[in-house]
Structure formats: C-alpha cells, structure tokens
Amino acid sequence: MQFSTNYLHLISLGCTKNLVDSEVMLGKLKSYQLTPEITKADIIIVNTCGFIESAKQESIQTILEASALRKIGAVLVVSGCLSERYAKELKKEIPEIDIITGVGDYDKIDVMVKELKSLQSQRVFLATESNERVIIGSSFHAYIKLSEGCNQSCSFCAIPSFKGKLHSRTLDSTIKELQSLYERGFRDFSFIAQDSSSYLRDLGQKDGLIELIKAIDNLQLPISCRILYLYPTTTTLELIETIANSTCFLPYFDMPIQHIADSMLKLMRRGANRAKHIELLESMRKIPKSFIRTSFVIGHPGEGEKEFRELHDFVEGFNFDRINLFAYSPQVGTFAYDMPQSVSVKTTNERINKLNRIVKSQFKAHSKALLGQEVIAICEGKSEISEYFYKARLQPWGKDIDGEILINDSEICDNLGQMLPLDEGYYRILITEQKQDFLFARALERL
C-alpha cells in the first residue's frame, strides 16, 4: 500500500530569531517533506519580518509571489512579525492567505494546518528545550534563542510594541537545549535575542549572561560559541572579561551602537553616551583576536551634518571588523515617528554611500591581512558560487553574516591522492589568495 507524500515549502524572512521560530514550526510539521520547489508544496509557510519598511515590502511581495506560484489546493500560511502587526490589513488586502498567525503560536502550527484555522494569541512564543526543532542550513551550527521582547525604548524601534517586555528562558532550559543539540552532532552555536546582554534580568538576575557563559564552560564540551546583539547599557566590563576568559565562547562582540554623537544617542534614547561606548569598545579591542561587529542607523531625525561628520570620523578611526548600515525607517507608534528635523532620503543615501566607502576599504584591508595565515575555520560544504569550491568561515565569524572563504585546494586526500570531500566541521586552512571580495584557501587538516 502506497502513501502519498505531503510537501512543505518554507520561506523564513528577516533575522535569525525568526529562523529559530521557523525551525520550531518545521518540528511540529515533521511529517511533511521539505521541498525547495514552491509549485510542488502542499503547505507554503512565509514567516515574515516587519522591522523596517523595506522588510515589510519584501514580506508582502513574497506572500503575493507565493500565492501566485502555488498549486491548486495548496495552503498558504503567513506568520511572524508582519502578520502580528498587520493581521487585519493582510486579511483584507490579500484574502488568498489561508492561515494568518503572529508571533505567539509557532508551536500550534500543526493544529492550525490540520483544522485550517488562524490563531493569534496575546503572547509571544519563546522556544525552549521542549520544542523540537528541525535545524535547516547546517548540521554543525545552530542558533539558540535566549529571550523574547525587549526592555529598551529606542526611539526608532517598534519591536517592544508587538513583542512586549523582556521574557527570558531559564538558565537550565538554555543549557538543556545546548546539550540536546550537542548530542545531535552540533558543535558551533550562536546565542541570540533582541537584547542578549539583558538575559535573565526579568527574572531578577543582573549578570545572567555571565552565569550562562560560566555554566557552558563548566560542561567542558569541544564547542565554539558566540553571542549576538549585545546592548551598550547592559554590557559590562565584567561581561567582556568573562567572554575573553571563556574556553567555549569566542571573543566575538556584536554590539549595535547605532550612532556615536552624544546628541544623537540621546535622541535615539539609547541610554549610554559616547564615553560609555568608547570604554566598552576599547575594552573589547584589547582582547587578543577580538572580532567586533556593529550597526548604525543613518538619517534619524535630528542627524545634522555635524553629527554625521562625528560618526563618519569615528567609523574611519575605530576600524570595526564588520559594520551594517541601515537607513532610518519611520515606524508608526515609535518616539521618532513624530520628531521634527527629518532627514531627506537623498541626504540619507549620500551619507550611507560615504560610510560604505570606508566599510569596503576596511573589509578589503582585513582580508588582505589574512593572506598567508594558517587559521582554524568552519567548513560548511559546497559553495553556492561554484560546485568546484567549498565554503568556509573563520571560526569566530558569524554564520552567513561575516564573510565566506572559498577552498579551492586541499591536502586532505585519499591514498590515491584524490581530494576527499570536506564535510561540515573544523579545519586548519591556509589563506592563499585574495581576489575582489573573495578569499581563497587550501585545506590542510581536519580537526
């Protein structure tokens, strides 16, 4: 007796926090077979992002394209931040959507699909160790979400308005998920949240992230870890020192600071001044082999030429390892939405272009400095650029965000001298060449 296979096509937009929620949905729908072909799918899930205007437009366009491409009878599910904020509007404007759910019911997706009904709980879902996830994109690296919501009140950010206040999972829950993922073969981990450095503060523990680092170190596992999304007011010198001394956590510091001029930091309601930022950044930079990533919002109301010039000179002088630049995006309900002294789109784009020239120049210099070095890297399988290359990233680099190294040669061969496949894992590699924005390397040894 033959049983027909049911297929599922997932489109997860936006941040890695969204990806974790998508993986929870896949865990609840594991009876379905994942397919990259949207026209073949019986269930299509679009997990949306609604953080800034460009993300909203991308989500809407993706929903419309998914609806147009699906086969007759396929169920279209829309979840995530956009549908949390604009569920009524989506139902009205895109009636082709079969199921609409927000950010509170990822663990009930199986029920929604079975009963073909929408759910919109007045809560935010936070994945824990009890939620089975189907990790996609890697069999070696996994994201672990520490909390949901945020207690900060940044002028430009609408996240607290629909994700609520900080809600941390317990330390025990986080450790159990790490151990479970380790038993499944995962060895590289990125810890994520809206504000990771505030982890456990809602549960009365001021230094929760420090306790997490120490607890994971005590497990004495052969793993590598990094923390994403530190916040300046909740990042301390003690936390930086704890990361520096950790046996598992890499000296990777991802702290979006958004601006550096005191007047702008105040307008943005960031809670820390220039001097505080400099103190934290210099402390990070003193750590051997530290890697510092940040982001800036350009064109926020009140950003004049003087403020931009201060930011420009700072970016030029500090030499971050990676920088993301975002154009200010007005969000209804935020403090900045009704602020005077708006900056034109033209001026904002001109400023971003000026900063981009610095960012590209620094990236090229960082890449050049790696030439001839033997380094530990994480191989991630075949590169999408060409079947003749394997892709890798330096061990400290974040997955998919900090760069890709192309391995085009290997000393890892069989008895006949044939190059063996490079599976996902740790390798010692030699950086041999730089062409345009790409680094090339030779694999020397599997670790």
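The legends below describe close-up views of a predicted model.

**View 1**
An open sheet is built from 5 strands in the order 2-1-3-4-5, and their pairing is parallel. Strand 2 (33–34) and strand 5 (99–100) are the edge strands, each pairing on one side only. Strands of a sheet pair through backbone hydrogen bonds, in either a parallel or an antiparallel way. Strand 1 (residues 7–12) and strand 3 (residues 43–48) run parallel and are joined by 5 bridges. Within this part of the sheet, S12 stands opposite N47 in strand 3.

Strand 17 (residues 425–435) and strand 18 (residues 438–446) run antiparallel, with 8 bridges between them. For L430, the bridge partner in strand 18 is R442.

The loop between strand 14 (374–382) and strand 15 (390–394) contains S386. Is S386 buried or exposed? Its relative accessibility is 19%, so S386 counts as buried, the cut-off being under 20%. S118 lies 268 residues from S386 along the chain, and the C-alpha atoms of the two are separated by 42 Å.

**View 1. The stacked pair Y252 and F291.**
The structure holds 9 aromatic pairs. In one of them, the ring centres of Y252 and F291 are 5.4 Å apart and the planes meet at 5 degrees, so the pair is stacked; planes under 30 degrees apart count as such. The pair links distant parts of the chain, since Y252 belongs to strand 11 (residues 249–254) and F291 to strand 12 (residues 291–298), 39 residues apart. Y252 is buried, with a relative accessible area of 0%. F291 also counts as buried, at 7% relative accessibility.

**View 2. The edge-to-face pair F314 and F320, and its cluster.**
F314 and F320 form an aromatic pair with 5.8 Å from centre to centre and 70 degrees between the planes, an edge-to-face arrangement. Both F314 and F320 are buried. One aromatic cluster is formed by F296, F314, F318 and F320.

**View 3. Two charged side chains over rings.**
Which ring lies under the charged end of K17? It is the ring of Y229, whose centre is 3.9 Å from that charged end. In a second case, the charged end of R322 sits over the ring of W397, at 5.1 Å from the ring centre.

**View 4. The largest pocket.**
The volume of the largest pocket is about 1300 Å³. It is lined by 50 residues, of which C15, K17, F51, Y229 and F326 are the closest to its centre. Which helices and strands each supply at least two residues of the lining? They are helix 1 (16–28), helix 2 (53–69), helix 6 (159–163), strand 12 and strand 13 (322–327).

Note on methods. Residues are numbered from 1 along each chain as its sequence is written. This is a predicted model: local features need pLDDT of at least 70, side-chain atom pairs count only at pLDDT 80 or more; totals for chains, interfaces and linings use all residues. Side-chain values use heavy atoms; hydrogens and water are left out. Two strands pair if DSSP finds at least two bridges between them. Helices (H or I, at least four residues) and strands (E, at least two) are DSSP runs, numbered from the N terminus. Buried means under 20% relative accessible area, exposed over 50%, partly exposed in between (1.4 Å probe, protein chains only). Rings of Phe, Tyr and Trp (its six-membered ring) pair if their centres lie within 6.5 Å; planes under 30 degrees apart count as stacked, over 60 as edge-to-face and the rest as tilted. A charge sits over a ring if NZ of Lys or CZ of Arg is within 6 Å of the ring centre and within 35 degrees of the ring normal. On a 1 Å grid over the protein atoms alone, a cavity is a set of points where a 1.4 Å probe fits but cannot get out, and a pocket is an open set with protein on both sides within 12 Å along at least five of seven lines; lining residues have an atom within 4 Å of a point. Grid points are joined across faces, edges and corners, and a volume is the space filled by probe spheres set on the points.
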